[in-house]
Amino acid sequence: MEWKERIPACFGDADGLFAIHPLDEDRAFQLLGVLREKEVSWAQAKMAFLDFVQHSHYDNPEQIEKEMERIERHMRPWLR
């Protein structure tokens, strides 16, 4: 499975929030391991997450920005 295909599983089905539910958090952690293993940079991951967020549950820029900040807090410290 391509790492980008794992992104949707990190978000809640009902609320669309990143890694809030423990199962979503587990999948996000697993994805982080894959990203590190494949040496995906934060810039690459950020673009893939942004693409997903813009085309899913969020309908205004403030929501997108808030969710991207949450994703960055979880992922960026561990990626190059």
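These legends describe close-up views of a predicted model.

**View 1. Phe18 in the segment before helix α1.**
Phe18 belongs to the segment before α1, the helix of residues 22–37. Its relative accessible area is 0%, so Phe18 counts as buried. Leaving aside residues up to four places away in sequence, Phe18 touches Cys10, Phe11, Ala28, Phe49, Glu67, Arg70, Ile71, His74 and Met75. Between the C-alpha atoms of Phe18 and Leu50 the distance is 12 Å, with a separation of 32 residues in sequence.

**View 2. Asp24 in helix α1.**
Asp24 is a residue of helix α1. Asp24 has a relative accessibility of 6%, which is under the 20% limit, and therefore counts as buried.

**View 3. Packing of helix α2 against helix α3.**
Helix α2 spans residues 42–54 and helix α3 residues 61–75. The two helices pack at an angle of about 145°, and their axes are 10 Å apart. The crossing of α2 and α3 is right-handed. On the α2 side, the contact is made by Trp42, Lys46, Phe49, Leu50, Val53 and Gln54. On the α3 side, Ile64, Glu67, Met68, Ile71, Glu72 and Met75 take part. Sorted by class, this contact of α2 with α3 has eight nonpolar residues, one polar residue and three charged residues. Among the α2 and α3 residues in this contact are Phe49, Glu67, Ile71 and Met75, which are also touched by Phe18.

**View 4. The aromatic pair of Phe11 and Phe52.**
Four aromatic pairs are found in a search of the whole structure. One of them joins Phe11 and Phe52 in a tilted arrangement, with 4.8 Å centre to centre and 45° between the planes. This pair links distant parts of the chain, as Phe11 lies in the segment before α1 and Phe52 in helix α2, 41 residues apart. Phe11 has a relative accessibility of 2% and so counts as buried.

**View 5. The aromatic cluster.**
Phe11, Phe18, Phe49 and Phe52 form one aromatic cluster. Phe11 and Phe18 are each placed in the segment before α1, whereas Phe52 is in helix α2. Phe49 of α2 also takes part in the contact with α3.

Terms used:
Residues are numbered from 1 along each chain as its sequence is written. This is a predicted model: local features need pLDDT of at least 70, side-chain atom pairs count only at pLDDT 80 or more; totals for chains, interfaces and linings use all residues. Side-chain values use heavy atoms; hydrogens and water are left out. Helices (H or I, at least four residues) and strands (E, at least two) are DSSP runs, numbered from the N terminus. Buried means under 20% relative accessible area, exposed over 50%, partly exposed in between (1.4 Å probe, protein chains only). Contact means heavy atoms within 4.5 Å. Axes are lines fitted to C-alpha atoms, for helices over the stretch in contact, and angles run from 0 to 180 degrees between N-to-C directions. A crossing is left-handed if the near helix is turned anticlockwise from the far one by less than a right angle, and right-handed if clockwise. Ala, Val, Leu, Ile, Met, Phe, Trp, Tyr, Cys and Pro count as nonpolar, Asp, Glu, Lys and Arg as charged, and the others, Gly among them, as polar. Rings of Phe, Tyr and Trp (its six-membered ring) pair if their centres lie within 6.5 Å; planes under 30 degrees apart count as stacked, over 60 as edge-to-face and the rest as tilted.
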